[in-house]
Every structure is written in C-alpha cells, then in structure tokens.
Amino acid sequence: MSCRRLVFDTGPLNSFAVVGRLDLLDAVCAGHATWPLSVQRELRAGIRAQPILAEVLEARFLGPAEVLEHPTDLLEAELLRVRLAGSSLSQRHNRGEAEAIFLARSRRGVFVSEDRDARVLAAAELGSGRVAGTTDLLARAVRLGLVGPEDAWAVYQAMLAAGRRPGRVSRDWFA
Amino acid sequence: MLFPHTTRRSPVVPMRAVTQQELGQRIADARRARRWTQGELAERVGLDQTAVSRIETGARTVGSLELAELAEALEVSVLDLLRAGQRPMLAIAARLGHFRDPGAVDRALRRAGTLIGLDELLESLLGAAPPSPASPRLGKPGRGPAVEQGRRLAGQVREALGLGDGPLARFPELLEERFPLDVDVSPLPEAVDGLCVSVGGRALILVGSGKPSSRQRFTLAHELAHYLVDDLDPLYVDERGVRARSLAEMRANAFAAHLLMPEPGVRAAIDGVGDDAERAVRVALAFGASVSAAAYQLGNLGLLAEPARDRLIEAGSKPLLLRYALPSDWQQDESGRGRIRPPARLYGRATLAFRRGLIGLEPIAELLQRPDRDQLRQELEDAGLAPDDVGLDAAALDEVLEEMAPGE
C-alpha cells in the first residue's frame with residue numbers, strides 16, 4: 001500500500017476553514033492527507049483569535065497529527081527549518097513548514113503550503129510536481145467537478161476578504 | 001545517510017544525528033551548566049520532573065516541539081543538541097570600549113555564531129567554498145617593545161601586499177581578498193568595538209557598526225593584528241581605560257596605527273603644515289583615521305609633543321574637523337555609523353543559495369540585519385537574485401494525486 005500523502009502546512013487549512021469549505025479539501029485529499037503535530041499546535045494556538053479553526057482540529061480527513069521524535073528525523077527537520085528561519089529567530093519559527101516538508105519527503109508526498117519560501121525550498125527538495133498551494137487545490141477541486149469555476153473564484157475571493165493570502169491568481173486559474 | 005527517502009536535488013552534506021541517549025545526555029549537560037535541577041527545567045518547559053529525568057537518561061523520546069522548548073529554555077540550539085560530534089572551539093580576541101559590560105562579549109559572540117552557522121549551512125548546501133587566499137608570508141614580530149613589534153609587523157604587511165605608503169581604500173574588501181578571513185560590520189553591544197574569532201582555519205573579524213568609519217577602520221586593523229600574531233586563544237579581552245595594557249594590546253594598537261598611517265605617508269601629509277591641530281586633521285583625512293588616532297600616531301613618530309597630543313585628543317574630532325576641514329568631512333566619517341556590511345563571501349554564497357531555492361529569505365535578512373522583509377525581497381527580485389516562483393505544473397500535481405486516489 002502506498003503511503004503517499006498530501007502534507008499540510010497551516011496556511012491552506014486556515015484558508016479553507018475561514019470560508020467554511022474544508023469539505024473541498026476533504027474531497028480533494030480523498031483520504032490521503034496528513035499534518036505534523038507542530039501544524040496542529042499552531043492552529044490550536046490560533047483558535048482564540050479565530051474560533052472557526054476548531055473545525056480543522058475536528059476534521060477527520062487529516063487523521064492524527066504526526067509526531068517527529070527520532071533524533072535522525074528531528075535533525076533532518078531542523079536542518080530544513082534553519083534553511084527557512086536562519087538561527088536568530090525563535091527555534092519554533094517555521095517549524096510547521098519544515099516538518100511538513102520533511103514528512104512530504106519521507107512519504108513521497110505533496111507539500112501543501114501558502115508560504116512562498118517554504119514552497120520554493122520544497123520544490124528544490126521534492127520537485128515542483130510535489131508542491132501545492134491553496135489555489136492549486138481549489139483548481140483541482142474544479143477539475144474533479146467538486147465545484148464550478150465561478151464558485152471556486154468566489155471561494156478564493158472570500159479567502160482574500162477574510163485576510164488570507166492564498167497566492168495571487170486570476171479568474172482564469174479556475175477555468 | 002541523510003534524507004534517505006527522497007532523491008535530493010541539493011548537494012546536502014550528510015550530518016549524523018546523536019542517539020536518543022546522547023541527546024538526553026546533552027540536555028542534562030546543558031541543564032547542569034545552568035545549575036538547574038531537573039525540577040527547575042521541567043517547570044520552565046511545562047513538563048514534570050519525571051519526564052525530564054526520563055528524557056535525560058534516554059528512556060523517553062522528545063517530540064520536536066518539546067525539544068525546541070527545552071533548547072530555548074537552556075539557551076542552546078536545537079541543531080547543536082542533535083548533530084553528532086562537537087563543533088570546533090572558537091578562539092577569540094575582543095576589543096572593548098570605554099565602559100564595562102560583563103555580558104557584552106557573549107552577546108557579540110551570538111552574531112559570530114550566526115555567521116559561522118550560516119557558513120556551515122551554506123557549505124552543506126553548496127559544497128565547500130572556493131579556496132581562501134593564502135595568508136601572505138610574514139616574519140615574526142620579533143622581540144623588543146610591543147609598540148616596535150606592531151610597527152615592524154605593519155611594515156611587513158604593507159610590503160607583502162604591495163601597499164606602498166598611501167591610504168588603504170576599501171579596507172574590509174582588501175583584507176577579505178588577501179587573507180583567509182571574513183569581515184562583518186554590524187551592530188555589536190556598545191561596549192565592544194570589535195572581535196576576532198578563529199574557527200576551523202578561517203578567521204572572522206566583527207566590527208561594531210555603531211562607531212564612525214574612522215574608528216571602524218582602526219578596530220579592523222587592531223583585530224587583524226590579533227589574527228596575524230595568533231594571540232586569539234584563550235579569550236583575550238582588551239579593556240581600554242585599564243592602565244596596564246598587555247603587550248598584545250599595545251602591539252595591536254601600534255600595528256593598527258602604522259598599518260593605517262605609515263610614517264612616510266604621514267610625513268608627506270604634513271609637509272609644510274606647522275599647526276599641530278591642522279597636522280592631525282591632515283593625517284586623519286589623508287588616511288581615513290580619527291583625529292585622535294592621527295594625533296597618537298604623530299606623537300608616536302615624534303611629530304607632536306605629548307601635551308599637544310593630549311589637548312587634541314581631549315578636543316575630539318568634530319570641532320577640529322569643522323575648524324580645519326569641512327563639515328562634510330565630519331559628516332562623511334559619521335555616515336559610517338549604522339551601515340551594515342556583511343562578509344562578502346558569505347553574502348555571495350547566501351544569495352546564490354537563495355536564488356537556487358535552497359534557503360529562504362530569513363537567513364539573508366539575518367545576514368544583512370534587515371527587519372523590512374518585504375522591501376528586502378523586492379530589492380533581491382529587482383537585482384535578479386530571487387528564485388523563480390514555484391511554477392507549479394498542474395499536470396504533474398494531478399499525476400501525483402491520481403496515484404494516491406484509487407481506493408487506497
């Protein structure tokens with residue numbers, strides 16, 4: 001059995017949650033989603049400011065958050081984190097992105113993030129076909145017939161209106 | 001083998017991790033170094049004492065978030081806790097300013113640690129840097145008074161580098177091009193003028209950017225003396241204001257003065273000038289030195305009597321430059337304050353790694369001490385240094401997702 005997974009960073013989960021369309025992610029992932037514990041903790045920490053994020057924690061399609069604890073895995077994830085965050089910031093900075101890239105690599109999976117630098121780094125590590133953003137998954141939902149192009153555009157606009165930064169695309173992106 | 005599960009795109013140098021037991025031992029060592037009990041550490045990171053005890057003996061695994069919290073509480077880096085082997089020892093010399101600040105050198109060393117860490121990271125991503133220039137062959141400073149040793153050494157450096165008797169333009173670049181060392185000009189604690197760190201065959205000279213250009217140049221030359229004479233080990237601290245200066249410090253100051261203001265050049269600069277203050281100003285402007293340093297050097301060369309020298313030093317640069325030169329001369333010297341200049345070699349390699357998508361923006365911002373990330377990103381893009389955005393191939397993504405999809 002393949003263990004390939006879509007490995008989520010915080011951003012896309014947040015964006016789909018704030019517009020109430022986690023169902024689209026559920027359908028696009030088709031049982032192949034996962035997330036590291038650090039991403040789950042980040043979202044949990046955000047619930048006070050954005051109560052709707054509690055829905056992500058309850059979403060069953062993500063499964064239990066993955067914990068890194070073997071020193072070799074921890075070292076690999078830390079090396080990725082330092083490449084994003086340098087050494088001056090808090091040692092928790094960019095931990096979610098780094099651990100998600102690490103898991104995507106070890107699961108031969110796809111890294112899903114809105115963080116530009118993390119996506120570029122992941123593309124260098126994994127190849128560009130294994131990096132996706134919020135708008136890519138929304139476009140995929142259109143291709144799967146889960147949502148029409150106009151509705152996808154409306155979902156995207158709602159994300160922007162909610163203060164999310166899902167990446168800049170035009171209406172044609174969903175055509 | 002590092003990253004065993006994927007085809008790596010970047011030439012990452014393998015780095016071996018410690019075992020669970022070794023990790024626990026390192027956490028215990030760091031805790032004991034801070035003289036904390038297991039209970040005290042546990043309280044700081046929100047664990048119970050039993051958990052800390054089991055972590056330290058290797059009986060309990062440590063999650064990534066727990067490890068980050070432990071590392072932050074212990075003020076150590078996660079990377080240092082996890083990678084096998086010891087980092088090479090640093091050899092250090094520091095030049096302190098006029099007032100005492102017991103933690104200043106430690107704080108300055110954090111900048112050194114950041115630069116050394118980035119250098120190691122880039123080596124792991126890009127491979128070894130091109131070979132450093134070989135240090136010019138210099139004789140020993142010899143015996144005799146420290147001031148005389150410094151003068152001889154400065155003469156040897158000028159001769160070996162073919163510098164003649166003129167002013168040294170682009171001083172940091174000159175040193176980086178001709179010696180196996182890096183020069184960083186960035187904010188340091190007020191009490192630290194400069195610092196020389198040697199690690200693994202390379203030297204790094206840090207110069208505080210909070211001082212005028214002339215003082216930065218003198219500090220750089222001073223630290224170069226420590227590097228050349230190899231008196232970096234053990235930690236060596238120059239506390240100005242303490243009367244009984246060591247031989248090494250007097251030698252470094254004399255070296256700096258003679259390297260920046262060689263006697264023939266000084267004599268030529270004051271030719272026909274009778275007024276003491278004007279002489280000091282002429283020398284300062286000709287060689288990019290402060291008026292105080294110029295006055296000292298004139299005194300050392302027997303071209304200025306001690307009382308006159310002391311009066312000029314007491315007066316300070318600004319009034320003398322305004323009287324004997326132009327306000328713009330003073331402003332130019334002051335304009336060096338706050339100007340950050342990272343090591344050129346490191347900056348070049350960091351931007352290369354950024355362009356290739358091997359590091360994010362943050363290590364570059366850290367190197368340049370830039371808080372304005374968006375502006376920095378735009379500048380790098382404008383300079384053609386930004387990586388291509390991830391031009392996601394939707395077909396490739398679909399292919400991967402289709403592979404996942406069928407009824408697993």
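Trainee: How much area is buried between chain A and chain B?

Mentor: About 5,200 Å². Carbon and sulfur atoms give 59% of that area. Bear in mind that this is a predicted model.

Trainee: And how many residues does the contact take from chain A and from chain B?

Mentor: Chain A puts in 54 residues and chain B 63 residues.

Trainee: What about charges? How many salt bridges are there between chain A and chain B?

Mentor: The count is 7. In one salt bridge, the side chain of Asp117(A) meets that of Arg377(B), at 2.9 Å from N to O.

Trainee: Which element of chain A gives the most to the side that touches chain B?

Mentor: Helix 5 of chain A, with 11 residues. Elements that each supply at least two residues include helix 3 (37–46), helix 7 (116–126) and strand 4 (131–132) of chain A.

Trainee: What's the class breakdown on that side of chain A?

Mentor: It has 20 nonpolar, 14 polar and 20 charged residues.

Trainee: Switching to one residue. Where does Ser38(A) lie?

Mentor: In helix 3 of chain A.

Trainee: Is Ser38(A) buried or exposed?

Mentor: Ser38(A) is buried, because its relative accessible area is 2%, and the cut-off for buried is under 20%.

Trainee: So what does Ser38(A) touch, leaving out residues up to four places away in sequence?

Mentor: Arg95(A), Gly96(A) and Glu99(A), plus Leu65(B) from chain B.

Notes
Residues are numbered from 1 along each chain as its sequence is written. Chains are lettered from A and ligands numbered from 1 in the order in which they are written. This is a predicted model: local features need pLDDT of at least 70, side-chain atom pairs count only at pLDDT 80 or more; totals for chains, interfaces and linings use all residues. Side-chain values use heavy atoms; hydrogens and water are left out. Contact means heavy atoms within 4.5 Å. Buried area is the accessible area (1.4 Å probe) that two parts lose on being put together, summed over both. A salt bridge is a side-chain nitrogen of Lys or Arg within 4 Å of a carboxyl oxygen of Asp or Glu. Helices (H or I, at least four residues) and strands (E, at least two) are DSSP runs, numbered from the N terminus. Ala, Val, Leu, Ile, Met, Phe, Trp, Tyr, Cys and Pro count as nonpolar, Asp, Glu, Lys and Arg as charged, and the others, Gly among them, as polar. Buried means under 20% relative accessible area, exposed over 50%, partly exposed in between (1.4 Å probe, protein chains only).
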